[in-house]
Amino acid sequence: MKVSLSWLREYIPIDLDPKDLSDRLTMAGLEVDGVERRYDYLDNVIVAQVVQARQHPGADKLTCCTVDIGKGELSPIVCGAPNVREGMYVACALPGAVLPGDLKIKKSKLRGEPSHGMLCSAAELMLADDASGIMDLDGELVTGTPLESALKLTDAVLEIDLTPNRPDCLSLIGVAREIGAFTEPRNKVTLPDVTFPETKTDARDIHDFVSVQIEDPQLCPRYTAGMLFDVKVGPSPLWLRQRLEAVGLSCVNNVVDITNFVMMETGQPLHAFDYDNIAKSKIIVRTAGKPGDAPLEFTTLDSKVHKLDPEMLMICDGEKPVGIAGIMGGENSEITDATTRVLVESAYFNPVSIRRTGKKTGIASDASHRFERGVDPLGTMFALKRAVSLMAQFCSATIAKGIIDENPVKTRPVIIDLSPKALNVRLGTSFSADEMAKILESVDFCVDKKADKEEDGLLQVHVPSFRVDVARPEDLSEEVARLWGYNKIETSYPLITAKGRPLADRLVLRGKIRQAMTGFGFCEAINYNFIRKDACARMGIEDPDKRTRMVEILNPISDQMAVLRTSIVPGLLEAMARNTSKQVDTLQLFEIGKIFFDMTPGEQPEEVEVIGGLITGYRWDQTWYSKKEAVDFFDLKGVVQGLLASFQIAGVIYERTGTCPYFEPGYGARVVKDGLVLGTLGKIASGVGAAFGLKQDAYLFDLDMGSLEKVLPRAIQAVGLPRFPSISRDMTVIVSKRVEVGAMMDAISAFAQKQGLIEDYFLFDVFEGQNIGKDKKSLSFRIIYRSGSKTLTENSIKKIHEQLSQKIINDFQADLPG
């Protein structure tokens, strides 16, 4: 909302400078985003004096002038105005100035004569209508003085960022009313005179020319109309054009400009119809059709065709629609240069109806912006009279006798009982009832004390009709607080000490996972919960897989966000594709988020929280001492093992069975703990990678947060440091390539639990080659022995180690190295 300071002064005296005024408005709840100088286009326009004027040698209508532009500096300027003469003070635009109409002034030559500027008329500077000659300035003037200062052209335009609950301030009068509340002494707004001059009133009665019928009073509770004859449509006077352009509105003609002027002044949108295009002299306010009717088409003033739903409220004549109510008028009844009779509409429409219509048609007009927030239901008549009186004055028109006012649904006044004690408790203040009444009355609330109450008893507050946002005592508390000053309310603290509540277990778990993953060098990714509808097909997932049960979005932003995700995988793969397309070929990403599964119709989807991780690229960059080495499945497995180990989750096995269809065969595994599946990990299949635009291998895991919580140890017991040294022995066996190392580790674990002396064990070497056979592999394990009561010797563990070796040989048909 743009507000001109000079325009505001027509309704209320303002002595504050723009900066102080902006601060006061902001603290009152009307945040000012910026302040612009109204006449900033006059930069580089100065007062100058014509020292010499001579006839242009090559043009009869041009004059070559020598102009004093200040400090004795002379500048040659060629001028075409007939009134230029020596000694006159003029407005001179210097090179670099940009005048209205985007006219850029620069040094040039006109018919061979140099011209270093431009002598301007009042019309060229948008200061008056006179374009017959250059400005002839009077008074005690000094050359070189900026014209803005010399003529005292001071005006500022405030850009106010209004919240949706303050439609009353979508008008100059509304903002003036707010300013009057905090000025000292407090001033009341002076409203413009709306009486019709007798000399402009016609004897013909409006009711003889037009009738208004409201078929849906719930959508249009009030409709008023006035009529003018002998209208002369043309350009608006300069003052009107300046007012509208200052607040960012374009000028059309005097009739339309007056409706826009009154809308900005009062906040009430109006519309002017060409009466001669109103069929059968009727205005019918009705919906576009009945439920089930085929959509109609309607062409608005901007020449765009819109399809009308049956429930949209329309302004119609006796045969056809002539406007979309509260949104925009129709091309079939617009004001043209040939218009002589004008019907002016001022109505109140249901805000919800206007909002729905605006969304469906895609039209966002200044009128709909106000109607959908709520205009003053009692302000329609005032705005109508104001517009009609201005049209009579500036369109040389006469006013039809009488005004149409159809008001089938009366507006009920809002009266609120306000307890001063409750308000003070709510705000932490100590206002008396009289102080509260004074504050509220400053913005036109009417306050009465109830006769049967004590001095500081209950107040009865009559809410003005333009404050559609005030409906309860809490709203009045907000009014008192903002008008008195939020910054004046002292900070207070509760009398009891606030006790903190421990974080939920899930929040703690998320934090620990983030800490662990970032410690592994991963970056957290945050993806939308919405994905493409064909995500499952791209991953090779088919029915009856649970992940195909997707929840469709009724109004998706795009086809890329058509359904709720049932897997965290697509988001990570797409993040990888975006990065690799920008030559980021090494990535470590993880994401914690929810996936959603469609349940029975009408029920909320099932939400499951998961964590996913992805790695691709190289373990390290190439240097003079090392070469690039690509990551593989075991890097990913190491990350999952490290993550689970950080939570003290032991005894996890990795099964090849039951892996996901988007993993490469033989390169996937399930993560299982005590029969509970925690998640999966593997290498993304080449076909799936191609579907997501990947050009290099990707390895990915996903774990279920709920399952992780179930296997977290309830307590962790500390043990003392070992007192006796350990002793380690190695064991190398040759087995078939089909033998899983995990199964051998499980066998060693079972043996260790029985013996009690095996503290740790791990695989430290794998070898494959022709020396041991084509389908064989050599595995080397290190077994660490330790006793809690004595120092072990080689002889004390020899027998145990031989038993372990023999068990491995027997269980896995292993051979010892030759």
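**Entry 1: a salt bridge across the chain**
I began with Lys 360, which forms a salt bridge with Glu 311; their closest N and O atoms are 2.3 Å apart. The pair links distant parts of the chain, 49 residues apart: Lys 360 sits in helix H7, and Glu 311 in the loop between strands E19 and E20. I noted that this is a predicted model. Next I looked up accessibility: Lys 360 is partly exposed at 47%, and Glu 311 is partly exposed at 42%.

I searched the whole structure and found 51 salt bridges. One of them joins Lys 594 and Glu 607, with 3.1 Å between the closest N and O atoms. Lys 594 belongs to strand E32 and Glu 607 to strand E33, so this pair ties together parts 13 residues apart in sequence. I also found a network in which shared partners join Arg 166, Asp 168, Glu 178, Arg 467, Asp 469, Glu 479 and Arg 482.

**Entry 2: H13 against H16**
Then I turned to helices. H13 (residues 505-519) and H16 (residues 633-646) pack at about 135°, with axes 10 Å apart. That angle makes H13 oblique to H16. Their crossing is right-handed. I saw Ile 513, Ala 516 and Met 517 of H13 in contact with Val 639, Leu 643 and Ser 646 of H16.

**Entry 3: H6 against H9**
My last stop was H6 (residues 254-266) and H9 (residues 380-394), whose axes come within 9 Å and cross at roughly 145°. This crossing is right-handed. I list 10 nonpolar, 3 polar and 2 charged residues in the contact of H6 with H9.

Technical notes. Residues numbered from 1 in each chain as written. Predicted model: local features only at pLDDT ≥ 70, side-chain atom pairs only at ≥ 80, totals over all residues. Heavy atoms only, no water. Axes fitted to C-alpha atoms, helices over the stretch in contact; angles between N-to-C directions. Helix = DSSP H or I, 4+ residues; strand = E, 2+ residues; numbered from the N terminus. Parallel < 35°, antiparallel > 145°, perpendicular 65-115°, else oblique. Left-handed = near helix turned anticlockwise from the far one by under 90°. Contact = heavy atoms within 4.5 Å. Nonpolar A, V, L, I, M, F, W, Y, C, P; charged D, E, K, R; others polar. Salt bridge = Lys/Arg side-chain N within 4 Å of Asp/Glu carboxyl O. Buried < 20%, exposed > 50% of the residue type's maximum accessible area, 1.4 Å probe, protein only.
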